[in-house]
Amino acid sequence: MIVRQMFARQSRQLLALNRQVYIPRRFQSTETQTPTRVDTIDFPSIDEPGSRASNGDAIVPAITPGSSSGVQKPTNHRSQFQKLGSSITNAYEPEDLIRNPPSVQDITLELLLASQTHLGHSTSRWNPRNSRYIFGIRDGIHIISLDVTAAYLRRAASVVEQVAFYGGLILFAGTRPGQKRIVVRAAELAQSYHVFERWIPGSLTNGEQILGHCERKVVNAFDEELPEEQGKLAGKATLKPDLVVCLNPLENEPLLHECGLNNIPTIGIIDTDADASKVTYPIPANDDSLRAVGVIAGVLGRSGQVGQKRRLERAKIMQEKHSLAAQDAERKEQAAKGTDDFAKEEEEAA
């Protein structure tokens with residue numbers, strides 16, 4: 001038993017020695033090996049003129065095996081690869097919804113689908129009053145009908161345009177995080193007012209106490225301020241908006257309640273968990289997606305811009321008509337005065 005263990009240990013050591021002996025033999029071959037040809041490249045130095053292209057791109061020399069010099073004419077690989085690949089059109093850029101919002105003519109089902117306006121909440125949070133706006137259920141989530149969304153959005157845009165055309169005051173309200181720039185941009189387009197932080201309860205029902213210190217101005221049909229008419233606002237009540245656009249009705253129920261008490265029409269984005277009876281003109285859509293809210297607010301802002309443009313054009317036409325009527329009246333007065341003078345002269349002559 002002891003002899004076997006010793007023999008086994010010695011045999012393992014001998015095998016290890018034999019392996020160490022075999023390793024150097026691999027490098028002691030007497031055969032002649034064929035040398036491998038290596039092509040060298042003479043790169044231009046940094047100080048040499050012409051080492052860089054005129055446009056700042058690096059010049060990489062092309063090598064052809066077996067050539068005498070090993071270097072061919074330098075080529076610009078960037079110019080070769082610029083024509084490769086596919087051209088991307090209609091790519092989504094988040095800033096486009098703020099810089100260039102869509103108009104009513106741009107409303108399509110593809111745009112609404114890409115903006116995630118069809119995604120509702122889970123079926124457990126469903127409000128039964130929104131059953132007419134729901135298309136179906138997928139993976140436990142209600143899907144809003146895009147046909148209904150497009151139709152209701154066009155109707156709301158028409159309302160905003162008409163209110164702006166007749167010179168009404170429009171208020172855009174959106175108090176959720178991330179909606180500030182969207183609300184401000186829509187209000188700038190429609191030349192209206194906005195609320196993006198918090199609605200103060202009582203601003204409509206108790207506006208004399210809350211908004212009584214706010215500055216008020218008198219303007220003409222061209223939005224030009226009239227300082228001489230400023231003193232006539234002393235006994236006037238605080239102005240109230242003619243239309244309120246609420247982008248998150250769930251958080252602004254006091255605002256909608258005050259609008260109902262003062263008979264002010266409202267437009268709101270109604271999700272599957274909201275109550276559609278709270279607003280006058282509901283827009284069934286996803287109110288949790290900033291992209292969906294940006295599209296809807298941009299369309300309404302563009303409609304207000306069109307209404308303001310129509311109002312200014314109408315004011316210009318009315319001013320021209322008024323000036324022509326004034327000139328005609330002046331001519332008639334002068335003609336009547338001239339006939340009276342002529343009649344007096346005839347009487348005196350007789």
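Helix H8 (residues 253–261) lies across E4, E6 and strand E7 (266–270). H8 runs at about 160 degrees to E6. Helices (H or I, at least four residues) and strands (E, at least two) are DSSP runs, numbered from the N terminus. Axes are lines fitted to C-alpha atoms, for helices over the stretch in contact, with angles from 0 to 180 degrees between N-to-C directions. Contact means heavy atoms within 4.5 Å. This is a predicted model in which local features need pLDDT of at least 70 and side-chain atom pairs count only at pLDDT 80 or more, while totals for chains, interfaces and linings use all residues. Residues are numbered from 1 along each chain as its sequence is written, and side-chain values use heavy atoms, with hydrogens and water left out.

The sheet is open and has 5 strands, in the order E5-E4-E6-E7-E8, with parallel pairing. Strand E5 (193–195) and strand E8 (281–284) stand at the edges, each with a single partner strand, so one side of each has no neighbour in the sheet. From one strand to the next, the twist averages 20 degrees. Two strands pair if DSSP finds at least two bridges between them. Strand E4 (residues 170–173) pairs with strand E6 (residues 243–246) over 4 bridges, in the parallel sense. Within that pairing, Ile170 has Leu243 of E6 as its bridge partner.

## The antiparallel sheet

A second topic is the open sheet of 3 strands, ordered E1-E3-E2 and paired antiparallel. Strand E1 (119–122) and strand E2 (134–138) are the edge strands, each pairing on one side only. The twist here averages 30 degrees from one strand to the next. E1 and strand E3 (residues 141–144) run antiparallel and are joined by 2 bridges. Ser122 has Ile141 of E3 as its bridge partner. E2 and E3 pair over 4 bridges, also in the antiparallel sense. Arg138 stands opposite Ile141 in E3.

The hairpin of E2 and E3 has 2 residues between the strands. Asp139 is found in this loop. Its phi is positive, near 55 degrees, in a residue other than glycine. Asp139 counts as exposed, because its relative accessibility is 73%. Buried means under 20% relative accessible area, exposed over 50%, and partly exposed in between (1.4 Å probe, protein chains only).

## Another positive phi

Gln191 is not a glycine, yet its phi is positive, at about 55 degrees. Gln191 sits in the loop between H6 and E5. At 48% relative accessibility, Gln191 counts as partly exposed. Most residues other than glycine have a negative phi.

## Asp271: buried, without a salt bridge

Asp271 is found in the loop between E7 and E8. Asp271 is buried and has no salt bridge. The nearest side chain of opposite charge is Arg176, 6.4 Å away. Lys and Arg count as positive and Asp and Glu as negative; His and the chain ends are not counted. A salt bridge is a side-chain nitrogen of Lys or Arg within 4 Å of a carboxyl oxygen of Asp or Glu.

The side chain of Asp271 does make a polar contact with the side chain of His121, at 3.2 Å. A polar contact is a pair of N or O atoms within 3.5 Å; within protein, one must be able to donate a hydrogen and the other to accept it, and residues adjacent in sequence count only if both atoms are side-chain atoms. Leaving aside neighbours within four places in sequence, the contacts of Asp271 include Leu119, Gly120, Asn130, Ile144 and Asp287.

## Salt bridges

The structure holds 9 salt bridges. One of them joins the side chains of Asp287 and Arg176 (3.4 Å, N to O). Asp287 lies in the loop between E8 and helix H9 (290–349) and Arg176 in the loop between E4 and helix H6 (180–190), so the pair ties together parts 111 residues apart in sequence. Asp287 is buried, with a relative accessible area of 2%. Arg176 counts as buried at 16% relative accessibility. Salt bridges with shared partners join Arg176, Glu251, Asp287 and Asp288 into one network.

Asp273 and Arg125 also meet in a salt bridge through their side chains (3.2 Å, N to O). The pair links distant parts of the chain, 148 residues apart: Asp273 in the loop between E7 and E8, Arg125 in the loop between E1 and E2. Asp273 counts as buried at 16% relative accessibility, whereas Arg125 counts as partly exposed at 46%.
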